[in-house]
Amino acid sequence: MSALELERVTYTYPGAGRPALDDVTVTIAPGELVVLAGASGSGKSTLLRAANGLVPHFYGGTFAGRARAAGMDTRDHGPGELAAAVGTLFQDPETQVVMGTARAELAFPLENRGETPAGVARAVEEAALALGIAQLLDRPTAELSGGELQRVALGAALAGRPSLIVLDEPTSQLDPVAGDELIATLRRLNEDSDATVVIAEHRLERCLAAADRVIALIDGRIACDAPPSEFLSWAARSQPALCTPGATLLHRLGLPPVAGVKRARAALRGTLPEVDEMLPAYEAKTHSPQRRGPRALRFDRVWHEIADGPAILRSLSLTIGPGERVALMGRNGAGKSTLLRHAAGLMRPTRGRIEASGRVALLLQNPSDYLVHETVAREASAAALATVGLDDSFAGRHPRDLSGGEKQRLALAIVIDDPAGPGATAVLCLDEPTRGMDRALKDELASLLRSLDAAVIVATHDPEFVAAFADRVVLLAGGAPIADGTAAEVLARGTYFATETARILGGAGGALRPEQGAAVLQRLTRADEVLA
Amino acid sequence: MSYRRRASPLHAARAGAGCAYCLALAIAALTLSNPIALGALTLTIAAAGVGAGVGRELRGAAVFAAPLAVMVTLVNALVTRDGLTVIWRFGNLPVLGQTDVTLEATAYGAILGLRAVALILCAALYTAAVDPDQVLRLFRRVSFRSALTASLATRMVPILARDSRRLADAQRCRPGPRPSRAQLLRATTSGVLDRALDVAAALEVRGYGAARRPQRVRRPYSRHDLAFGAAAVAVIAVAIGSRVAGLVPFQAYPSLHAPAGLGTVLVAAALAASALLPFADRRGIER
């Protein structure tokens, strides 16, 4: 019996003009770890919802074909019944945790199934031990961090020992460390228990190395269904936006793309056996940013200390020049969001001073929070909308009907739309603007931000976006900068805060993006040939 | 304000005992009208909060309740025509007509305000010291979905408060004129509906739609379960018994009568002792 079987499934959401899944036929065998790839709106989440019965039972709409999860036809069995066999983890940890403590959260699905109290207690303990969250069991869910909440939600999905686990962008809200830990946990569970795992993800470089198979969706149809290396070859030829940076690097060098840093290094050794000796010797030629001259924003020994709590910013001093593109990085709780809120005046320092040469605009994490009018045209001026690439065709649309990327642009137009004129905004700050975005949207956003005149500061966990956008990277830890330099200086030698290209090349030449990496390796190859 | 497990006798007691204890204090507040007895009961609830380690939460609730108490006092003084002792003549006011403020109406308004404070403190004590997940388990055998809805509604309060703070921050980041209240209300409602839809989907995939009646969990009664259960019975017995026996007389109209006799003092002391005694035993309070 297959873990999941979709047979000619076509599904259209209520009121939608086109199907979200279009004649999809796929069979997933027990024990497989499958990654669903595709741009935003390609049908990844809908496929997962078809597996757990939310489609069509919860969302309604028109459903044709057959879907069977763990042998149960989803037409005859609703999500409640399927929950015994299909564990589900969504993107946002806050909305899927419904109980007051982690223990109660893990017990909830088992109690719904009418398990005995002893059975519930045992399953909760085992799930907690398997995920390493035993120490969280008696903590209130309201006090857990995003990464902890996501692991508790995963525990709730796994406590009933489902044979199929479906996960919808589970790492999009997590920092790189927590995201990598979650993927490693899934791989271990898959290997230890033979559970089938289907995971939809935009950051393919994070999970492809752990996958047995990749299914790529385009406009609701299956465009590729193959092992990771074959998928990457296909993506490099046909869908570069779905290709991982490491695979793009190898493809540019004429090598067959592979998933993961370790395999990419092995592939490079196959062509250039001396690569391990040559790369470390290739030093980056970078120039530290100029700190003198005019300033757009200056933090002067700024502290933010919470009453009866910790200090979030600790004597932080930072100067941003006009037009500079700066990325703020650091783990969750490092002080990135607090710094941006201070810059925009939403928070006041308990000690120290902040000076800005003009208005500081801030785009917070959720763009929908900015949308209060009935039409796009009433949210911002035509000039601001044009700046962010929203033309007249958007003017009459309802802001909440826009896609995620379009909402992001509209919110950006709102915050930079200063009545005093386009030059009044000296600094634009963005807090985690790439959460849940596919690579094409991220590249668009990076280009848009680079085209603005104001200095731009982005707090983000996404090193690939940083490489595309930033001139300068400030790494925060414990409320103070621990590294401040060019993107190449800071990101090239890191492990978690590094691009995949930099990790493959060990930071050689300060190359962060695949095209830079390819150039470095081509120079090295030529030098090697000359020496030979 | 939300529940957080602390090392206190009340937190160590099962939810049934905690619920009964808070309910008994609330019933006592509704039963007693004598200002000395009601004042003693209010102080007792505050002391119970301190004993449970949630004094800070109760202080926050008191800050919210105090203006309400003042408002209740003023409204009662202005709208009630009863009472013989006039302390202020406003004359003929629009809407209210001839308005004479009497000592009796003012005092009774203050009693009502004090009662409101006592009830709010009881609710705060319950919220901060009784495990909502255990309460859900307690009531789900009777009506699972109603119990879960009530539990979720309680949990949604801090989430929605966080959402509204986020929305307010986003609006502060907008340059130019601020949106109207109606626009903000529409945006907030839309956000709440989105949030509710996400939570409902999460409930579905956790098997809520196919939930079965859970099996009864038999746990041995701890010393704290017994102590708070007994305290609940004692508080109700003292409050109702003293009222029936006329030990705490109080009359607001036509003239004020609230004697501070030995009986009243004894009732106040009995209430405090029976409600606070369980906090003296601090054995086995850590989980």
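Two residues count as in contact here if their C-beta atoms, placed from the backbone, lie within 7 Å. Keep that in mind as you look around; this is a predicted model.

**Stop 1: where the chains meet**

Color chains A and B separately and look at the contact between them. Chain A puts in 50 residues and chain B puts in 45. Now stay on the chain B side. Two elements there give two or more residues each: α6 (132-172) and α7 (181-205) of chain B. The top contributor to this side is α7(B), with 13 residues. If you color the chain B side by residue type, you'll find 22 nonpolar, 15 charged and eight polar residues.

**Stop 2: the open sheet in chain A**

Look for six strands of chain A that form an open sheet, in the order β6-β7-β8-β3-β9-β10, with mixed pairing. The edges are β6 (86-89) and β10 (221-226) of chain A, each of which pairs on one side only. Going from one strand to the next, the twist averages 15°.

Next, select helix α1 of chain A, residues 44-52. This helix packs on the sheet and touches β3 (33-37), β6, β7 (164-168), β8 (196-200) and β9 of chain A. Its direction makes about 150° with that of β7(A).

Move along to β9 of chain A, residues 213-218. β9(A) runs antiparallel to β10(A), and five bridges join the two. To see one bridge pair, pick A:A216 and its partner in β10(A), A:C224. Then select residues 228-238 of chain A: that's helix α10, lying across β9 and β10 of chain A and running at about 130° to β10(A).

**Stop 3: zoom in on A:L217**

Is A:L217 buried or exposed? It counts as buried, because it has 27 C-beta neighbours inside 10 Å and the cut-off for buried is 20 or more. Leaving out residues up to four places away in sequence, A:L217 touches A:L36, A:G38, A:S42, A:G43, A:K44, A:L47, A:I222 and A:A223. Try the distance tool on A:L36: it sits 181 residues from A:L217 along the chain, and their C-alpha atoms are separated by 7.4 Å.

**Stop 4: a pair of crossing helices**

Select α5 (residues 102-112) and α6 (residues 117-131) of chain A. Their axes come within 9 Å and cross at roughly 130°, so α5(A) and α6(A) are oblique to each other. The crossing is right-handed. Show side chains to find where they meet: A:R103, A:L106, A:A107, A:L110 and A:E111 from α5(A) face A:G119, A:V120, A:A123, A:V124, A:A127 and A:A128 from α6(A). By type, this contact has eight nonpolar residues, two charged and one polar.

**Stop 5**

Most peptide bonds are trans, and most residues other than glycine have a negative phi. Here are some exceptions to click on:

- A:V55 to A:P56 is a cis peptide bond, with omega near 5°; A:P56 is in helix α2 (residues 54-57) of chain A.
- B:Y253 and B:P254 are joined by a cis peptide bond with omega of about 0°. Look for B:P254 in the loop between α8 (223-244) and α9 (262-276) of chain B.
- A:R161 has a positive phi of about 50° and is found in the loop between α7 (146-158) and β7 of chain A. With 14 C-beta neighbours inside 10 Å, A:R161 counts as partly exposed.
- A:E432 has a positive phi too, near 45°, in the loop between β16 (425-431) and α18 (439-451) of chain A. A:E432 counts as buried, with 20 C-beta neighbours inside 10 Å.

Notes:
Residues numbered from 1 in each chain as written. Chains lettered and ligands numbered in written order. Predicted model: local features only at pLDDT ≥ 70, side-chain atom pairs only at ≥ 80, totals over all residues. Pairing = 2+ DSSP bridges. Helix = DSSP H or I, 4+ residues; strand = E, 2+ residues; numbered from the N terminus. Axes fitted to C-alpha atoms, helices over the stretch in contact; angles between N-to-C directions. Buried ≥ 20, exposed ≤ 12 C-beta atoms within 10 Å, placed from the backbone. Nonpolar A, V, L, I, M, F, W, Y, C, P; charged D, E, K, R; others polar. Parallel < 35°, antiparallel > 145°, perpendicular 65-115°, else oblique. Left-handed = near helix turned anticlockwise from the far one by under 90°.
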